[in-house]
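Subject: Structure handover

Hello,

Here is the structure for you to look through. Please open it alongside this email.

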Amino acid sequence: GRVGFAGGVAAMRQVYAVKGAQNAGWRSMSAPPEQPKQAAGAAADARAEFSAFCAATQAKDTLAAFRALQARAGGEVTGKLPFQVMHAKLEGVWKAHQLFDLLKQRASQPEYRHGGLLRGKSVLVVGAGPVGLRAALELAFCGAAVTVVEKREEAFTRVNKLKLWSLAKDDLVLLGAKILFSSAFGADPDICHIGIGQLQLMLFKVALMLNVKILFGYEASGCQAENSDWQCVMTKKGTSDTPAESFAVKVDAVVASDGHGGPFAKKVAGIARVPHKSSAAIGLVANFVNGKTTQERNLRQCSWARQFNEPLFNQLQQHCGAELENAVYYRGEDLHYFVSTPKRSCLEACGIFKDSSLPAEEVLRSSNINQDKLYSFAANIAVFFGLSVDVDNPTTSASSPILAAHTALFDFSTTNRCAEPMAFVPDLVRGKDLPVVLVGDALMEPFWPEGLGIVRGFLSAVDAVNALVTWNADPAQARETACSSLARSYTLLKGLSEKTQFSILARRQPGSGAPPIPLDPEVRYVAF
């Protein structure tokens, strides 16, 4: 028995030795050759440049990092988008290729027809807010040459947080949010949110990869028919050091995303605004610096309405006299963000108004606000929800530099909507009218407690691009079709809320690979 066992073991050792040699040979044949030092160094430099691109928090730094990547890939190539050129040229940058693969997948969706829907058309987007930039991306996927004009020199400085519905979250993930913003984006099981400036910056980075041109510090002052084309005049105010500038860019269509009031569309296309009034409603925004302590990391984010948790709001009122209808807390990387809806009576009782006898349209003016008492009021709300801050002395608080600029009251009892989402500026000489479409807050201001701003804004952006695609198919005959299609989707957006979303928005198939917000409104809306 012992001899048989020993012989068997020896035979098995011999078999495994042969197989091991075979496997070693396979590994040696399949393993890639070692990169030359020069190639390895170039790959390391490319990874560093892409990391700088992802980490950039200012527009100028982002643009500098993008140009470095573009130069490394050999510069611009006619007929190709920047990400397509980089995808072929940048080797050894796996994180960049993750982004490029996402953009490739999006650009290759059948509905975009390989960028042929708006190829040859120049579209101007007025305003580089989140919705304007989202519209620019959709236009670029459709093949348009896109220019975004933004009147602010530093456009990405807003710190307030935006609530994201799953529709908007999924859309951003497939545009590269986990790569360009944070790998933890959307991981919170309770609430998904992002800072306004952070969202702008992320979309700006994608826009650069799609060859969107962005002009900072310029204002679109008007459009004029010149020879055979429409032109939009760009102006930049002069300073003591620099002279004023003015030049014109060719446009075939305009997307107005210039926020509250939509001044550009009103000036150029005469689109009227209709006020939508509700009962008196005051909002309070407060930002506190995140010290990143264990206690702060353990704070639970929340979004409450009095009607769903009356005892909580009664306890808060007993704690500090704050009588609220809604309270929202989001924890950001650098800031704690609180937004709530206090009643005017409790603000008066806490001495926040210097003159409480003023009418509603005047009482919230900054000159009538006692800022120290407003800070204490906001800080007490934060303390009730578990944040440790100095409620009495903002000047000694570690967060005072932020709070000085970002504790404010606002009135949202009146929101404005446009009478129509699309209009044409007439060309009386050639008959080549200029289409102007509105998106985001320029189209319809949101009721913020439901987080409607971004989801309705993104939907309106894709609606607007679809209308331009419809018009472009036959500018002479399809004008009415484009206007009526956009009017139908606008009617649906007006009725969109957390309660109605499942009766308005079509259910998406997870893992289908289709964009979360498809271009075709018949696929996007249930009752279109």
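Below are notes on its strands and its aromatic rings.

This is a predicted model: local features need pLDDT of at least 70, side-chain atom pairs count only at pLDDT 80 or more, and totals for chains, interfaces and linings use all residues. Residues are numbered from 1 along each chain as its sequence is written, and side-chain values use heavy atoms, without hydrogens or water.

Strands first. Helices (H or I, at least four residues) and strands (E, at least two) are DSSP runs, numbered from the N terminus. Two strands pair if DSSP finds at least two bridges between them. Strands β6 (residues 219-226) and β7 (residues 229-236) run antiparallel, joined by seven bridges. They form a hairpin with two residues between them. Asn227 in the turn has a positive phi of about 55°. Glu226 stands opposite Asp229 in β7. Seven bridges also join β7 to antiparallel strand β8 (residues 245-251). There, Val251 is the bridge partner of Trp230.

Now the rings. Rings of Phe, Tyr and Trp (its six-membered ring) pair if their centres lie within 6.5 Å; planes under 30 degrees apart are stacked, over 60 edge-to-face, the rest tilted. The count comes to 16 aromatic pairs. Tyr112 and Phe141 are stacked, because their centres are 5.4 Å apart and their planes are at 25°. Tyr112 lies in the loop between α5 (94-107) and β1 (122-126), and Phe141 in helix α6 (residues 130-141), so the pair ties together parts 29 residues apart in sequence.

Phe288, Tyr329, Phe338, Phe384 and Phe385 form one aromatic cluster.

Best wishes
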